[in-house]
Amino acid sequence: MKPDLRRKALTAVVLLIAFFSVHAHAGDDFVFWPNADYDPAIPTFEDVLGYNPGERITWHGDAVRYFEALAKAAPERLSVKPYASSWEGRELIYAVVTSAENLANIEVIKSGMQRLADPRRTSPAEAREIIKTQPAVTWLSYGVHGNEISSTEAAMLTAYHLLASRGDERVANIMRDTVVVIDPMQNPDGRDRFIHHFETAEGLLPDADRISAEHDEPWPGGRTNHYLFDLNRDWFMMTQPETRGRVRILREWFPVAFVDAHEMGSDSTYYFAPEAVPYNPHLAADQRASLALFGKNNARWFDTFGLDYYTREVFDAFYPGYGASWPSYFGSIAMTYEQASARGLVVRQYDGNELTFAYTIRNHFVTSLATAETTAANREKFLGEFYNYQESAIEEGKSENVRAYILPTQADQAGAAKLAGLLTVQGVEVGRAGSSFTACGNSYPAGSYVIDLAQPAKRFIRTLMDADVPMDDDFIAEQERRRAKNMRDQIYDVTGWSLPKMMNIRADRCNRTVKVESTPVGPDLAQAGSVSEGAGSVAYLVPWGTAPAVRFLSHALRQGLDTKSSDKAFTHAGQRYPAGTLIIDTADNPGDLRDIVTEISTMTGANVVSVDNSWVSDGPNFGSENVVRFNPPKVAIAWDEPTSSYSAGNTRFVIERQFDYPVTAIRGDRLGRVDLSRYQVLILPATGWGPGYADVLGKKGAENLKDWVSKGGVLIAIGNANRYLTDPDIDLLSIRRENAVIEADNNSESPAGNGKKNSDKPQDATVEGQYLTSAEDYEQAITPVKDNPDSVAGVLAQASVDPDHWLGAGVAPRLNVLVRGSDIYTPIKMDKGVNVAVFSAADELLNSGYIWEQNRKQLAFKPFVVAQRSGRGYVIGFTQDPNVRAYLDGLNTIFMNAIMRGSAHARPVR
């Protein structure tokens with residue numbers, strides 16, 4: 001740097017330090033960037049919205065209006081595009097900010113990134129030519145959690161500063177050498193929900209007391225979207241429209257740097273990359289190294305402004321479903337930024353400091369600019385590494401011990417098709433074999449899906465398709481050390497997420513290249529339905545056990561079709577049909593039944609068989625007592641307190657949006673005093689951190705539920721909601737939650753609480769003395785007599801299914817269950833009910849992820865699904881949540897059996 005430029009830079013730093021020492025927590029005169037010279041032709045917040053940044057929390061519609069005003073004022077440098085619509089109809093937009101020259105050539109720039117993303121069509125020489133002149137794309141995403149409010153204002157301020165700033169060489173470099181894409185609000189439904197609650201609780205002045213109503217969000221809070229999904233966990237499953245739109249546009253732009261701006265607890269400071277361990281082993285080394293470049297530049301500006309921050313703690317880069325992880329697998333440098341939240345206009349921190357909304361906006365604004373600056377300063381390096389990422393992925397796919405994945409044609413072909421489509425829409429190349437073939441000693445039929453790993457998406461494929469992605473041994477050893485001292489572990493999210501296992505789809509690995517002609521698979525997630533030839537003069541059969549079959553039943557019942565289901569498998573005309581198969585008798589339905597069945601089949605993707613005679617050669621006939629008739633169940637779900645918003649929302653989504661069946665949400669505190677007789681099914685989702693069902697329902701609520709079940713209702717409990725049903729005072733379900741098993745000195749094991757007590761009078765002020773002669777004695781002395789099992793972050797555990805019970809109809813014999821938390825229940829006694837799904841033996845239990853050894857042994861042979869008859873009704877317990885994040889497709893059939901087949905097996909007086 002030249003001496004005069006160095007003096008100018010040092011002077012600017014001194015002025016900034018002086019400014020922020022005075023204005024760090026200023027009020028009405030808060031300045032976000034001191035000594036900035038702004039073009040008055042570019043509209044400010046106040047010009048468009050009537051207030052300055054930090055004075056109000058900006059609604060979704062107003063944020064869109066502000067970006068549109070910026071685009072109108074500087075159309076040659078900023079454009080606004082829609083990319084999705086939320087469940088509640090709010091439009092999600094992104095803004096492209098760059099120089100006039102770059103914006104005029106934006107399609108060429110996008111094409112350049114797309115060419116760098118595939119070295120098979122872009123040679124190294126061609127790549128070098130692109131890299132010489134190609135602006136790098138920086139992607140700044142804000143507000144994926146609706147109640148993390150500062151980032152959207154920071155997005156607006158970043159766009160304004162890039163357009164309006166004059167004489168700032170840093171901004172000129174950013175605009176010339178990069179294209180900055182700003183996604184200002186990833187979750188508009190959650191944000192507007194938060195603002196609504198905040199504004200209805202406001203008083204005369206902003207209240208810094210965190211127990212004030214304006215800081216105390218009512219259920220479900222603003223974090224989640226309409227269906228109460230954490231959108232920062234939805235990236236690879238793409239269940240929500242916001243995520244699907246975002247994935248689509250990211251794959252158009254291929255940014256080299258991606259930031260997901262969040263907020264965290266109010267008593268913290270600011271977090272930025274590098275991330276905490278563990279790192280996902282499929283990340284490239286230069287991606288990890290480049291994180292430090294962004295971190296150091298952020299730190300430089302935070303030092304200038306006198307701001308506290310931290311790195312390498314809490315927020316890891318292991319789970320691939322975060323916004324700060326998913327883009328890594330197409331070659332981006334992806335990062336999380338976290339700002340302590342004001343959760344309003346001002347909040348008092350633990351030390352008495354008052355953290356203002358304006359202050360939190362400013363910090364995200366600073367890192368937004370610093371990130372774009374880092375990209376601009378390292379443009380060629382990042383573009384080169386992006387290209388190299390794709391090249392090395394292809395080479396690894398040719399040489400590693402996994403060269404291909406094969407999805408054979410299988411019983412749940414709809415599930416296999418969905419998995420193939422889900423991968424394809426995220427950039428994975430999947431082929432459908434045009435003929436039968438042999439690979440790695442196995443024979444496969446035509447129609448099998450083949451995924452060759454010699455492609456740019458190789459690391460993404462391994463991350464999602466491998467049975468297990470291991471954590472670093474040193475990290476695991478540290479977690480075990482912490483657990484031994486009763487310290488909280490540092491595992492941030494689930495450790496098992498294998499897509500084939502979660503969807504219960506067979507996926508074979510092969511260590512050689514598969515040689516078969518195949519056609520590329522498109523991004524469709526649903527297969528086409530069909531109705532076989534034949535008049536259907538007697539009936540139509542829908543084989544059970546797939547998502548399309550369940551959707552078919554939903555639509556059949558909604559359209560009033562008389563529909564039955566067999567509890568047992570049967571053979572008709574030489575074809576074997578699984579238990580649960582639907583039977584739609586022609587005689588009992590409208591004359592245009594074939595047209596209706598064809599319409600539903602097309603809509604749902606179900607395969608339907610026309611039947612012209614009723615003769616069954618094996619198994620129950622269509623009129624057997626082993627065949628039940630459906631009455632369209634009216635389904636209710638507990639809503640609001642005491643439920644976990646995640647569990648309630650995810651469950652409702654699965655029923656309504658994946659299986660097209662309506663659900664009535666009833667607020668929890670009303671369940672104890674309303675007439676439930678109009679409902680046939682009631683679902684109790686898992687509970688949150690607050691009160692439990694016993695607190696909310698009270699004695700009358702328990703009596704109301706018992707009476708309803710006894711008269712024919714089907715009560716379904718999910719996860720820790722079973723604590724309520726299994727409480728001896730409630731006793732709707734005859735299982736009990738277990739304490740941890742404590743290992744005695746002789747290495748035998750017994751339930752905690754069964755050992756010798758120190759005193760026959762636990763309330764005595766003194767106890768009998770004892771010698772502690774070893775570290776082992778000390779460990780035993782400090783171990784609680786009664787304690788829960790240690791909490792598990794999230795692993796996929798295997799469970800076996802009882803094929804003789806109607807809940808197991810059409811269900812695979814082995815399931816993969818996401819086990820989280822510490823709840824483990826006793827099996828139900830045979831005279832009380834049936835353990836329909838039971839976890840496997842300890843040595844077969846774990847299918848993916850990391851589980852504590854004691855939990856692995858204690859969970860073995862314990863129930864996942866329990867069914868108990870109660871009067872004319874049923875109580876069904878799922879000891880783990882089958883609907884977590886709506887990505888456990890392999891559990892859909894058994895869960896929907898509980899609703900649909902449960903109500904068919906109940907015997908209310910009709």
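A residue is called buried when its relative accessible area is under 20%, exposed when it is over 50%, and partly exposed in between, using a 1.4 Å probe and protein chains only. By that rule Ala886 is buried, because its relative accessibility is 3%.

The structure is a predicted model, in which local features need pLDDT of at least 70, side-chain atom pairs count only at pLDDT 80 or more, and totals for chains, interfaces and linings use all residues. Residues are numbered from 1 along each chain as its sequence is written, and side-chain values use heavy atoms, with hydrogens and water left out.

Start with the whole chain. Its secondary structure comes to 26 helices and 38 strands; these are DSSP runs numbered from the N terminus, with helices (H or I) of at least four residues and strands (E) of at least two. The C-alpha atoms fill a box of roughly 95 × 80 × 60 Å along the principal axes.

Of the 910 residues, 58% count as buried. A contact means heavy atoms within 4.5 Å. Among contacts in the chain with a separation of 6 or more, 79% are between residues 24 or more positions apart.

The N-terminal end of H8 is capped by Asp168, with a side-chain oxygen 2.9 Å from the backbone nitrogen of Arg170. A polar contact is a pair of N or O atoms within 3.5 Å; within protein, one must be able to donate a hydrogen and the other to accept it, and residues adjacent in sequence count only if both atoms are side-chain atoms.

Arg121 belongs to the loop between helix H5 (106–116) and helix H6 (124–133). Its side chain reaches the backbone oxygen of Gln114 at 3.4 Å. Not counting residues up to four places away in sequence, Arg121 touches Gln114, Arg115 and Glu126. Arg121 and Gly849 are 728 residues apart in sequence, and their C-alpha atoms are 37 Å apart in space.

Another loop, between helix H14 (413–425) and strand S13 (431–433), holds Gln426. Gln426 counts as buried because its relative accessibility is 3%. Its side chain makes a polar contact of 2.8 Å with the side chain of Trp326. Leaving out residues up to four places away in sequence, the residues that Gln426 touches include Trp235, Phe236, Met238 and Phe460.

Some backbone angles also deserve a look. Most residues other than glycine have a negative phi, and most peptide bonds are trans. The bond from Trp219 to Pro220 is cis, with omega near 0°. Pro220 sits in the loop between helix H9 (188–201) and helix H10 (241–253).

The bond from Ala273 to Pro274 is also cis, with omega near 10°. Pro274 is in the loop between strand S6 (270–271) and strand S7 (276–279), and it is buried because its relative accessible area is 15%. Pro274 and Arg312 are 38 residues apart along the chain, yet their C-alpha atoms are separated by 5.4 Å. Apart from residues up to four places away in sequence, Pro274 touches Tyr279, Leu291, Ala292, Thr311 and Arg312.

Two alanines have a positive phi. Ala573 has a phi of about 55° and lies in the loop between strand S22 (570–572) and strand S23 (575–577). Ala573 counts as exposed, because its relative accessibility is 71%. For Ala886, phi is near 55°, but this residue is buried at 3% relative accessibility.

Where is Ala886 placed? Ala886 is in the loop between S38 and H26. Asn883 is in the loop between strand S38 (873–878) and helix H26 (892–905). Asn883 counts as buried because its relative accessibility is 1%. Setting aside neighbours within four places in sequence, Asn883 is in contact with Asn650, Thr651, Val654, Ile718 and Phe895.
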